[in-house]
Amino acid sequence: MKENIIINYNVITSPEDEIKCYTKFITEHPNTKELYEGRALAYITNQEYEKALTDYSKALELDPKNTYYLFCRADCYGKLNQWDNAVKEYKKILEIDDKDADAYRGIAEIFDMQQKDKEAEDLYTKTLSIENNVENYFIRAYHYMKKGEYKKAHSDLENALKLAPNDESVLYLKNIAFKKMKTKK
């Protein structure tokens, strides 16, 4: 029978204490993926991304199809500015589920930061074809805004408002896009 291991967060006062506690439990239960995940989160709080990567890798060894661990690894690589490795992690997710909109959006955001505008735009569009939601319209609209394509941004924000008419973030960005369109003419 598997023991339930619960850490009393009222007792833990710092990420270092949490790391020590998880390390002790990992020593006692080395095949429990949740313990590696918990310690990885504590490492992230401490901005120790390489150590978090090691723990997510161990958790992934214990549960190879767990896309959450791949996302976490991609995020750690991103924090370390290792963009190529982050993209590789997202692609591993897509090998497991080629309809994972978050993985496409993750790659698109990396391409966006690298100013690979066409590739980013294509992936944002792919994301929308999988999940037609406010967040995906908003993110692509923001991409268009950065490129100065205010008409396209405005159109995406209109579509977002059809899904969530009272979303204040969308209304705010739409107002900015509208003003920019007016001044650009």
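This is a predicted model: local features need pLDDT of at least 70, side-chain atom pairs count only at pLDDT 80 or more; totals for chains, interfaces and linings use all residues.
**Figure 1. The protein chain holds ten helices and zero strands.** From the N terminus on, its elements run α-α-α-α-α-α-α-α-α-α. The C-alpha atoms fill a box of roughly 65 × 35 × 30 Å along the principal axes. The radius of gyration of the protein chain is 20 Å, while a compact globule of 185 residues would have one near 16 Å.

Figure 2. Of its 185 residues, 43% count as buried. Among contacts with a separation of 6 or more, 41% come from residues 24 or more positions apart. The accessible surface is about 11100 Å², and carbon and sulfur atoms account for 49% of this surface.

**Figure 3. Charged side chains of the protein chain.** The protein chain carries 30 positive and 33 negative side chains. The centres of these two sets are 7 Å apart.

**Figure 4. Q47 lies in the loop between α2 (33–45) and α3 (49–62).** Most residues other than glycine have a negative phi. Q47 is not a glycine, yet its phi is positive, at about 60°. With a relative accessible area of 59%, Q47 counts as exposed, because the cut-off for exposed is over 50%.

**Figure 5. Q115 lies in the loop between α6 (101–113) and α7 (117–130).** The phi of Q115 is positive, about 60°, although Q115 is not a glycine. Q115 is exposed, and its relative accessible area is 67%.

Technical notes
Residues are numbered from 1 along each chain as its sequence is written. Side-chain values use heavy atoms; hydrogens and water are left out. Helices (H or I, at least four residues) and strands (E, at least two) are DSSP runs, numbered from the N terminus. The radius of gyration is taken over C-alpha atoms; the globule rule is 2.2 Å times the number of residues to the power 0.38. Buried means under 20% relative accessible area, exposed over 50%, partly exposed in between (1.4 Å probe, protein chains only). Contact means heavy atoms within 4.5 Å. Accessible areas come from the Shrake-Rupley method with a 1.4 Å probe; for residues, only the protein chains shown count as cover. Lys and Arg count as positive and Asp and Glu as negative; His and the chain ends are not counted. The place of a charge is taken as NZ of Lys, CZ of Arg, CG of Asp or CD of Glu.
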